[in-house]
Amino acid sequence: MDRAGILQPLYIRVHPEDNVAIIVNEGGLQPGTTFGCGLVLVDAVPEAHKVALTSINLGDPIIRYGSVIGYAEVPIPMGSWVHEGVMRLPEPPDLNCLPISTAVPEPLPPLTGYTFEGFVNEDGSVGTKNILGISTTVQCVSSTVDYAVKRIKAELLPRYPHVDDVIAINHSYGCGVAIDAPGAEIPIRTLRNISLNPNLGGAPLVVSLGCEKLELSRLMPNGTFPMLAPKSYVVRLQDEEHQGFESMVAAIMQMAEGRLAVLNDRRRVTRPAADLVVGLQCGGSDAFSGVTANPALGYAADLLVRAGATVMFSEVTEVRDAINLLTARAADATVAEQLIHEMDWYDKYLSKGGMDRSANPTPGNKKGGLTNIVEKALGSAAKAGTSALAGVFGPGERVTKKGLIFAATPASDFVCGTLQLAAGMNMHVFTTGRGTPYGLAMVPVIKVATRTPLAKKWPDLIDVDAGVIATGDATIQEVGEHIFKFILDAASGRKATWTDRWGLHNEFVLFNPSPIT
Ligand code: CA
C-alpha cells in the first residue's frame, strides 16, 4: 500500500499491479494537485474515487486489488478521474472453469485462552443474549402478537430481570403463498431456524392462526423441536377455547410467563470463543470498504477461526465476481462445488428477473467511489480473511460447521441479517462507508466505519473507526484485534453496541423466491 503523506494529498494503492488508486482526502482533490510521488491530477477527483496512476489505453484493463475491475472505454490519461463513464464491466468468472481448491491455505496456528460469557442451551449452542422469542406461522397473527408483546414487556418482564428482551418473530409469509413451489423451503426453514437461534434459549413459543398454509407441523416437523410437544408452547387463535381477543392475549401471556420463568433462571458462564457464530456483512459500502474496514474485519475473522469459532460471510452478488479466489481457497472439492452451486442458483434467480449481478451497486455505492460490482466484490471478499473456506450453506440453513463458512444470502442488508440469524448467528459485525443505522434485536451488531469522517459524523452510531487505517494512524492488524476484542466484550454483555443502546432493531425480512398466490 502506497502512502503519500498524511495531511498532504493522499491516495491508496492496494496492490503493486494496480493502475488506479483511491483518493483519501476528505472532500476530494482539485485538478493540478500534486502528490508526493509527482503524480499531478488532471481532473477533480472526489474522496474515495479512483485516479489513474498511469496512462491507460483504450481497451486496456483497469486494475485494482491486483484484479481487473473493468476495461477502458476511452484513453485515460495519467492523473485523471476513473469513473463509470470511462470503463466497461468485465464478464463474471465462468462457473464451469474455476480453480478448485488450488490454493487452500494452511491452517493458521490455533489461538487459545480467549473466552466470553454466554448462555448455554440444551442443544449445545451458546447465546450472547437471553431473549424470549415468540414465533408466528402467519402474518395474520402479527398485530395480536405485537399487542401481547407490549403487555408482556410492561407487565411481566420487570419481574424477570435476567431476561434481556421479548421479541415477536413477525413476517409476511405463511399464507397466500405457493407453499410447495421450488424455493418455498427457504422462507420456511428460515422461520424454523430463527426460532432455534441460540439467543432465544433454543425453545421459542409459537402463535398460529389455524387456517393458514404454513401449518405448525410444517414449520416444526416432528423431531426438530421436541420441546414443542407440550401444548403449553403453542397458542392457536382459532381454537375453541379462545372466546374473544382478550382470551387469546391472556393465553399468549400465560405461555410467555412460563417461559420467562425458565429463561430468568439462566446465568452467563465462561465459554471458549469457539462457541461464537459471527456473521459478517457490509452495507452502504464505498471504495474504502476494501482497504480499511473489510481487511480489518478479515483480520478479526482469522483470529476467530484460529480460536475455533464459526465465521460466516454471505451476500452472493458481492462475492460472485471474486468467486475464482474463493473456490481456490475451498477446503475440498465438495465445498467448492457447493459454492459454485449457490452462485449458479443465484445467477438463474437473477436471470428470471431479467437481471444479472450488475444490478447490485447502489447510487450511494457509486457516489462512494465503487464503480461497479467487480470492484465492490473484491472489496467485500476482504472480510473473509485468509483462512480456508470450511463450508457452504444454503439460504436459511443452520450452519453446523466451525471455521470460515459461506452462508448464501442476498446482499440486501435486512434479508442477509435475517438469514444469518437463521444460520445460528450470535454476533454480527457490519461494515459501512456511506453509513446506516441498521440494527437487529436478536444479536449485538458492531458497526465499523470505513472512513474517519463517517465515524466523526455519527459518533453515537459507529462502534469502530477503521478509517484510521487509510490515514496511517493505525494498522489493519491493530483495528482487527480491536474488533476481535469488541466481539468478545459485546458477546459477554460487558459492552453495549450503539444499536443496542438506542434499541435500533430492524424487522425480519424473509427471502422468498417462490410465487405468491
Ligand atoms: Ca448487505
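**Close-up views of a predicted model**

**Figure 1. Helix H10 and its packing partners.** The buried residues of H10 pack against helix H2 (185-195), strand S15 (277-282), S16 and strand S19 (427-432). The model is predicted: local features need pLDDT of at least 70, side-chain atom pairs count only at pLDDT 80 or more, and totals for chains, interfaces and linings use all residues. Residues are numbered from 1 along each chain as its sequence is written, and side-chain values use heavy atoms, with hydrogens and water left out. Helices (H or I, at least four residues) and strands (E, at least two) are DSSP runs, numbered from the N terminus. Contact means heavy atoms within 4.5 Å. Buried means under 20% relative accessible area, exposed over 50%, and partly exposed in between (1.4 Å probe, protein chains only). Nine of the ten residues of H10 are buried, so this helix is largely enclosed by the rest of the structure. They are Asp413, Val415, Cys416, Gly417, Thr418, Leu419, Gln420, Leu421 and Ala422. Just after H10, Gly424 adopts a positive phi of about 105 degrees.

Figure 2. Gln281 (OE1), Cys282 (O), Glu315 (OE), Ala411 (O) and Asp413 (OD) lie 2.3 to 2.5 Å from the calcium ion. Donors are N, O and S atoms within 2.8 Å of the metal (3.2 Å for Na, K and Ca); water is not among the atoms, so sites may look incomplete. Along the chain the donors follow the spacing Q-C-x32-E-x95-A-x1-D. Glu315 and Ala411 link distant parts of the chain, 96 residues apart. Glu315 sits in the loop between strand S16 (310-313) and helix H6 (323-329). Ala411 sits in the loop between strand S18 (403-407) and helix H10 (413-422). Glu315 has 0% relative accessibility and counts as buried. Ala411, at 11%, also counts as buried.

**Figure 3. An open sheet of four strands.** The strand order is S11-S10-S12-S13, with parallel pairing. Strand S11 (165-169) and strand S13 (234-236) are the edge strands, each pairing on one side only. Neighbouring strands of this sheet are turned by 15 degrees against each other on average, direction ignored. Axes are lines fitted to C-alpha atoms, for helices over the stretch in contact, and angles run from 0 to 180 degrees between N-to-C directions. Two strands pair if DSSP finds at least two bridges between them. Strand S10 (residues 131-136) and strand S12 (residues 205-208) pair in the parallel sense over three bridges. Here Thr136 stands opposite Val207 in S12.

**Figure 4. Antiparallel pairing of S1, S2 and S3.** Strand S1 (residues 11-12) pairs with strand S2 (residues 20-23) in the antiparallel sense over two bridges. Ile12 faces Ile22 of S2 across this pairing. S2 also pairs with strand S3 (residues 50-52), antiparallel, over three bridges. There Val20 stands opposite Ala52 in S3.

**Figure 5. The whole protein, for context.** The secondary structure comes to 13 helices and 21 strands. The radius of gyration is 24 Å, close to the 24 Å that the globule rule gives for 517 residues, so the protein is as compact as a globular protein of that length. This radius is taken over C-alpha atoms; the globule rule is 2.2 Å times the number of residues to the power 0.38. The C-alpha atoms fill a box of roughly 80 × 45 × 40 Å along the principal axes. Of the 517 residues, 58% count as buried. Among contacts between residues at least 6 apart in sequence, 71% join residues at least 24 apart.
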